[in-house]
Structures are given as C-alpha cells and as structure tokens.
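Biologist: Please show me the model. I would like to ask about its pockets and its DNA.

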Number of protein chains: 2
Amino acid sequence: MPESTIQSVLTLATLGLISQRPMTGYDLRKVFTTTPMWHFSSSPGAIYPALQRLENSGLIKGIVEGQDTLRPKRVYTLTKDGRQLLEQWLEQPVTQDDVIRRRDDLVLRFTFMGNILGREKTLSYLKELLMQLKSYIPSLQEHLDTARTTESPYDAFAIEHGIEMYQVYIRWAKHVIDRLEEN
Amino acid sequence: MPESTIQSVLTLATLGLISQRPMTGYDLRKVFTTTPMWHFSSSPGAIYPALQRLENSGLIKGIVEGQDTLRPKRVYTLTKDGRQLLEQWLEQPVTQDDVIRRRDDLVLRFTFMGNILGREKTLSYLKELLMQLKSYIPSLQEHLDTARTTESPYDAFAIEHGIEMYQVYIRWAKHVIDRLEEN
DNA sequence: TGAGACATGTAATCGGTTACATGATTCC
DNA sequence: GGAATCATGTAACCGATTACATGTCTCA
C-alpha cells in the first residue's frame, strides 16, 4: 500500500507513461516536447527531481543500462505500488472540482484508462464525466444572464466561451461513448 | 517603470480585478469563489501573501478603512506602476506558447482588455489570437493521423478532443470579432 | 445566543521555473 | 571539427496548497 502523498499531475503523467513502456528521463522529455502532451513541462529541473521522488517513494524502479559504457542511462519501470497508485488515481470519482479546475487532467486520465482499466471502466468513467459536465453548465448560464443584464459585454463573452467549451466537451464525451459501445 | 518580476496568473488577475474597483482581500476571495473565476484559488494562504507582494512591489496601495473600529479592512487600489504592468501584460503579443500552455489566461486577458485598452486594441488582440489558434491545429491534426495509423484509439480520441476545443475557440473568437465590429 | 458572513493573517511543505553545468555520441 | 542529439543532473527562488489561527459583526 503506497502511503505517499504524490499527486502532482506531472508525476501522475510520468507514472502513466512509464506504465506504457519503460522510459528514461530523456524519453519523458521527448514525449513532453514532441507530442500533444507538450503542455507539460519538459525541463530537466522538473523531470529528474520528479523521477527521484517517485523512486524514493517506491513507485518506480530505475535500472542502469550500459553501466560499463561512458553514457549509461537510467530506465524506469513501474513497481506494484506504482501501478496501484496509478489505478487509484484513474478510479477516482469525477468531481465537480475536477471539471472546473482540472479539465485537462480528466482527458489525461481517459487516455491512460483504456489500456489500464479496460473498456468497461472507461465507459463508466465517461458517463460520470458526462454527468458532471452537464451539471456544471446551468451555473455558468446564470452568470451569463447576470453579466448580460449588468451590461458587462466582455464578461458575457468570456462566459459564453466557457459554456461553449463545456458543450463541445459534452459532445466529445457522448461521441466517444457511442464509439466504445459500438465495440 | 516597475522592475518587478511578478507574473503569476493569480497576481495578474488580482491586478485586473482591482483595476475595475478598489478591493479588499476578502472581496477578492468572494470573486474567486462565487463567479466563474472560481478556477483560481481563493485560499487566504494564496491571496493575502499575493496582496503583500503586490504592495511591496509598489503595484497596489492598501488603505485601511475603519481604523478606529474593531474590524478594520485594507482596501487596495492600483498605483501607476500597477496600471502600467497590467497594461504591459495585456499588450503582450499572443504567442504559440500562450495558445498551448495558457489557453485560459488568454480569455482572462480578453476580459480585462475591453475596459482598459479599448475596443480597437481588443479587436487586434482577438485577430492575433485567431491566427495563433489556427496555426496550431495542423500539428494536432498530424498527431491525430499518426495516432490513428498506430492504432492507439484512446490517444486518437484525446487528440480529437483537443482539436475540437481549438475549433470552438476559433469560432468564438470570430463571433466576438464580428460583434465588436458591428459596433 | 448562536450561525453565518466578514476579515485577515501565518507556517510548513512541496513542486515547478529558470539558469547553470557537464559530458558523450553521431553524423556530416 | 562542429552541430545536433543523447543524457543527467543541481541550486536558488518563488508561489500555491494545506492547515492552523483569531476575532468581529449582524441578524434571526
């Protein structure tokens, strides 16, 4: 049972990536600079300390490859505890707070979920997500109404932006659910 | 000329809000808990230190109201330096990095911009934003193609999510431009 | 008289940013 | 021989989170 308090998105993303295949710090940096996961920091000052923390917490294990050569590298794999923590994160219920403050993390969780928890759990995750997204919109709508009556046109535009974002999010989730249910 | 290095979104948002009307720390907390700006932290441990930093940098000035009473409060207003820094932030060109890593900040900037820089500058801001948004999509499209050919369906879904988000962002920006140009 | 809103702080901890630092290997 | 890529780190700084802490005012 991992008792660590590690929960930053970067470490969770790292854990997820390492779960897909063993990786070095350099590999991670490449993912964070060359794939759409580039909204994560790829600076060595973020990644190497993160890997050290994960290893110290027993969530990953580094094996040195090419120890005899002049350019050895540290390849990390998940430990059982690491896998467990990752699953714990993925199985967390979707909260209103997630939908408001951690919109992007929810997509990240989805991405790892398919391979790790399977199709069924991914489907219920998406349905839960869908519910939370839907239940958030009315409050935005209310604020839009007040912004309109108080004549703050810029505020109103900004809130419209938010509403539209959540609406496509919902449409996307429905679409993915349909696709996954088609088999 | 403010030489401070203050640039966290929270402090910039604070500066923007105080520019609209003088505010206390408590007022800010209320905004951050009761309006769609609730994705900002409203914890006293974030706000009060931020206000102190802003005041120490000479960007805002606190005046104690009700000093004689038992519940005095500190009302902050922008200083000239504060206003200048705020304008500097708002006038910054929209970069690719903004569009990737600071999507939300861009909307925040838009919100303050109307009142502070006026309609013309807001329009050019939106057009700049539009360009950057458009120029970002092709790279996502490419990654979508590779994800599809390598049979990573979950990755592909996630990238589709991103593309759709940017597409509505673009639609929104166009819509607002049209509205503002109608006068 | 008690609940809830008003009002402001501090301290420990943690992690990300920025900048610095070093060296090997590969390929032209 | 030089550029690009491979590969890994450290240190100072800063700001956000969490938890703790305190007290007033208003209204039912």
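Modeller: On a 1 Å grid over the protein atoms alone, a pocket is an open set of points where a 1.4 Å probe fits, with protein on both sides within 12 Å along at least five of seven lines; lining residues have an atom within 4 Å of a point. Grid points are joined across faces, edges and corners, and a volume is the space filled by probe spheres set on the points. This is a predicted model: local features need pLDDT of at least 70, side-chain atom pairs need 80 or more, and totals for chains, interfaces and linings use all residues. Residues are numbered from 1 along each chain, chains are lettered from A and ligands numbered from 1 as written, and side-chain values use heavy atoms, without hydrogens and water.

Biologist: What volume does the largest pocket have?

Modeller: Its lining has 50 residues, with B:Pro36 and B:Phe40 among the closest to the centre. The volume is about 1600 Å³.

Biologist: Which element gives the most to the lining of the second largest pocket?

Modeller: That pocket is lined by 37 residues, including A:Met37 and B:Ile159. Helices are DSSP runs (H or I, at least four residues), numbered from the N terminus. With seven residues, the top contributor is H8(B).

Biologist: Which backbone lies 2.9 Å from a phosphate oxygen of DNA strand C?

Modeller: There are 21 residues around DNA strand C, counted as near if a heavy atom lies within 4 Å. The backbone N or O atom at 2.9 Å belongs to B:Arg74.

Notes
Polar contact = N/O pair within 3.5 Å; in protein donor to acceptor, adjacent residues only side chain to side chain. Helix = DSSP H or I, 4+ residues; strand = E, 2+ residues; numbered from the N terminus.
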